[in-house]
Amino acid sequence: MPIEITPQLVSSIVCELIRYRDRVDTILAVREASEGLPFLLPPAPTDESAHLDDMVRFFATPVGQAILILHDLADGYESFRTDPRSIDNRAIAATRQRLFPLYFEAAQFRPAPLGPTDPAANGRVGSGPEVGLRLAWYVVESQRLSRHPAFVNLLLATTDTLLEIVGQNGALFLRHPRTRGIVESLLNEFALKGDLEDQSFLLLFRRLLGSTVLAFGDHPGKVRNQTALKVLYGTLTRVRKTLGRPGDDLAAAMISADGFEQFLVALTAEVARDPAFLIKDQVASEVVGAMLTRICRDFPLLLNDSKALLGVVEAALGAAATSTAAILDPGPGGSEPLLSSLLAAILREIGTCAQKDTLVASIANGQVVPGIYRAALMAIASNPLRFTKPGEANRFAAELVAGLAKMLASQEMKVLGSTSTLQLLAIESLRILSRHPRLLAGHNVFATSLLTSVLQAGTLVMADGLEREDLLELADQALFAATANAALLRLETRLGEAILAAGRGITSANLNEQVDAKGRMALLNAALRAISANPPVWSRLQELRMVEPLVRGLLLSLKADGVGLLTGTRFVETASRLLQLLSRRGQLFIEKKIDLPALQAFLVMAVKRLERELGRTIDGEALPYLIERIAAAIIDAPARLKQRPDAFIDEILPSILADLGRLWGKG
Amino acid sequence: MLKPIRRYALPLLFLSLLLQSISCARLTPRTTALRQIHQTYRGEFDQYLQLTVPAPPADGTMSLRSKGAENFAPAPFAATLREIRAYRIKYGEDSRESAHLTVLEGMIYLQTGQLGMARLLLPDLRQAADNLGQGNGAAVRDRLLAQNFESLLAGWTAIREPETRDSARRLAEAAGSIGTRLAAPDRPGAAQVSEPEVDEGAIYLATSAAIFYAWVGKILSLQTREDRPCWCAKGMALIAPHLSQAERRIARGIDYQSISAGRIRYLGWYNSLALCAGERPIDNCHERLKQ
């Protein structure tokens, strides 16, 4: 009865093979010794005797004699011609053996072989494109032992890979229930469904097993959920079966990608947290397989970008594990599932953008492609109903890619320098967008344009002291604010424009002596908070192109500080209070009731006046509060702006100081 | 779970006797090293053919005009021999695969005309022959080559010597010895030659011996062509038992594409000798040579 080959059987035998590997080596070495090897037969004789008389006559001629002299055979020839056919005289035989080649060379003649002459054989001798074919004619086979190659190949490949990666611990690896489960999944879903006599398939299997062992060898506890791995292995099998050799290339590209081991760990730990995955693994495997097949057929260039390929698969498996049926189920009329069609749309759009812009072409690869895909998938998963309409997902993908391309192409971003910095920024930006899937799903263009504006403003503000993390944190906060505040969404593009204008205002105020890059970023953050506090006002201000001059004017006023107490965090706090004030009193500026230069002059005077109070009635800590109060008093009484600033400040300051005293008293 | 599986795990291990080879450097270092030697040998054999056999003869033998090792630079099969030595140092000399390598080394010397070196190896080859027996008693390629190496060496040596009655006698003796060993399955203690379809050691030796007979006929034909058909018939008779029924029925003009490449040269020789022998039965030409 034939033995059924099961993963359990294979893993058990592999344990034994590791144990008895010396013996196995002996067995295999003996088998290798019986491989067919090429050996030459002895030389075939040629029919020279028929030409003997002619040869004797030839060497009697002047030409023949000259040849004899040349080869020092004149004496030998004399002796030879006494009995040229002698086979009892060794000297004559030796001379004859030397003379024949000389004669045939002179006569340009080859004697007929006394052996096979059939020309049919000639074509197969010494020709052929590779050594195996050329030598086939000469191979002497040895008795082969009966064989069971597929099964044994599997055993050997598995055992050898385990020994290679974890040495003697290979058996332990197989005995741990979790890691054993992985290997059995791999055997069941991948190895036993492939052609085990195909060396290239065995190589794939070995690499896949090797990566699996590397990923989990040290810490079996990292294996949280095997189902995701099962889906991956099943997917690779499907792709190979569907595509044949191109499928092998695809699998090889994935398996050999840098970070494949981390990818496997992530699959079990992060991706497959949803228990529902357990029951829909077949569907997931089918859909992800279809997606990879599509890549292979329509976007083969992606195969050369292993990071992108791996990232895309990870994103797809992640979505398959956690998303609703909207991602996996076929679309209307049995069309391609979103998981697959969305990727195709993204890749198509990237291709289109890359044709127009070389910067996009150089950035939109590696982790950027999976980043876009992941963000889009998460957005769709957050609001699947929106994407039930045909073509909606494609339109969404196109807008997302176009928005990202626009962001990268902006002048402010280009000053960031190298392509790799921009690429990193793009990846992080996509990660931020993924954190706000509902915003992305509902307001795709808004989200990307806001992100663009924030990044642009941040880049301007921070200039040389740019810290990517701060920039991204700001972008995250902007998106978070937009998600939390419906009024901000209504601003559409103007919100981004306002932030950018605020950034320009901060930059043009030239605050390098007051605050460092982080401080400037905090100022931009304050502007963002101020805008979020009263979006309609800021929208109108931006419409009137007033945001930049207002921000710049307020900040320049604070620079009047002559003692240096308004620097660092105190400067930021003061500016922040003024920006908040602007949110509350912005309407007065819109209505042009406040003259900005006059306000600026009053604030300068206030700052200078407060300096005189330092050490008498106040300290530096009080400055932000006092400046805010003075500014509010000025704005609330626009008619007074026509007075002399010092008189007005002197008038209002005592009551403000008194308020401060009361506050401190309470404190 | 493990125990019942272990019951048939060990028998299954023996299935690995039946193995298809793959590269497993960690699991099977000796096998991998041996495979590397074979690969190097095949590569150098191919190179040797290209350099020493400019116009391949029709019969797959080495051309008489080939200068062999003399014109071959660097030393023929140097890399293979180096790897064989390394293998012996690492894995010892008393294993079966080491015995196989001794045979391979001997065959290298034989083919490249390093006959002195081949002679030096004779004691090792005699010992290797004992080490290369099959469990079922069948004599396979390497064992047959080792057992008949002395005769092979004698024949190859005689071919390179001046064509005298003495060299013809030695050729005939070498061929006779090989024939005797191959045809002695019933002799007590003699190993059964394996099936010709699965092991070509015997047919290789038989054809080598038949070529030796062809040389005898050629040498003697310097004086009289009368006995040449007899020697051809003797050679033909040596090859015949190692051909399949179908192969024996194949007449001249055979479509060589229909048979495997490795058998063509044997069939070619068989047909050629059959043509030379004509209807002439084997008579006492051997006896006449001894006289």
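**Exercise 1.** In this predicted model, find how the axes of helix H29 (residues 517–533) and helix H32 (residues 568–590) of chain A are placed relative to each other, and say which residues make the contact.

*Solution.* Begin with the axes, which come within 9 Å and cross at roughly 20°. Next, compare this angle with the cut-off, since angles under 35 degrees count as roughly parallel; H29(A) and H32(A) are therefore roughly parallel to each other. The handedness of their crossing is right-handed. Finally, look at the residues that touch: on H29(A) they include Gly519(A), Ala522(A), Ala526(A) and Ala530(A), while on H32(A) they include Gly568(A), Phe571(A), Ala575(A) and Leu579(A).

**Exercise 2.** Describe the packing of helix H33 (residues 596–613) against helix H34 (residues 623–636) in chain A.

*Solution.* The two helices pack at an angle of about 145°, and their axes are 10 Å apart. The contact involves, among others, Leu599(A), Phe602(A) and Ala606(A) from H33(A), together with Leu623(A), Ile627(A) and Ile630(A) from H34(A).

**Exercise 3.** Decide whether Leu205(B) is buried or exposed, and identify its contacts beyond four places in sequence.

*Solution.* First locate Leu205(B), which lies in helix H10 (residues 201–220) of chain B. Then count its surroundings: because a residue is buried if 20 or more other C-beta atoms lie within 10 Å of its own, Leu205(B), with 27 C-beta neighbours inside 10 Å, counts as buried. Once neighbours within four places in sequence are set aside, Leu205(B) is in contact with Leu144(B), Asn148(B), Ile178(B) and Leu182(B). Leu144(B) is 61 residues away from Leu205(B) along the chain, yet their C-alpha atoms are separated by 8.0 Å.

**Exercise 4.** Where does Arg545(A) lie, and is Arg545(A) buried or exposed?

*Solution.* Arg545(A) sits in the loop between helix H30 (535–543) and helix H31 (547–558) of chain A. Although Arg545(A) is not a glycine, its phi is positive, at about 60°. With 10 C-beta neighbours inside 10 Å, Arg545(A) counts as exposed.

Conventions
Residues are numbered from 1 along each chain as its sequence is written. Chains are lettered from A and ligands numbered from 1 in the order in which they are written. This is a predicted model: local features need pLDDT of at least 70, side-chain atom pairs count only at pLDDT 80 or more; totals for chains, interfaces and linings use all residues. Axes are lines fitted to C-alpha atoms, for helices over the stretch in contact, and angles run from 0 to 180 degrees between N-to-C directions. Helices (H or I, at least four residues) and strands (E, at least two) are DSSP runs, numbered from the N terminus. Angles under 35 degrees count as roughly parallel, over 145 as roughly antiparallel, 65 to 115 as roughly perpendicular and the rest as oblique. A crossing is left-handed if the near helix is turned anticlockwise from the far one by less than a right angle, and right-handed if clockwise. Two residues are in contact if their C-beta atoms, placed from the backbone, lie within 7 Å. A residue is buried if 20 or more other C-beta atoms lie within 10 Å of its own, exposed if 12 or fewer, and partly exposed in between; C-beta atoms are placed from the backbone.
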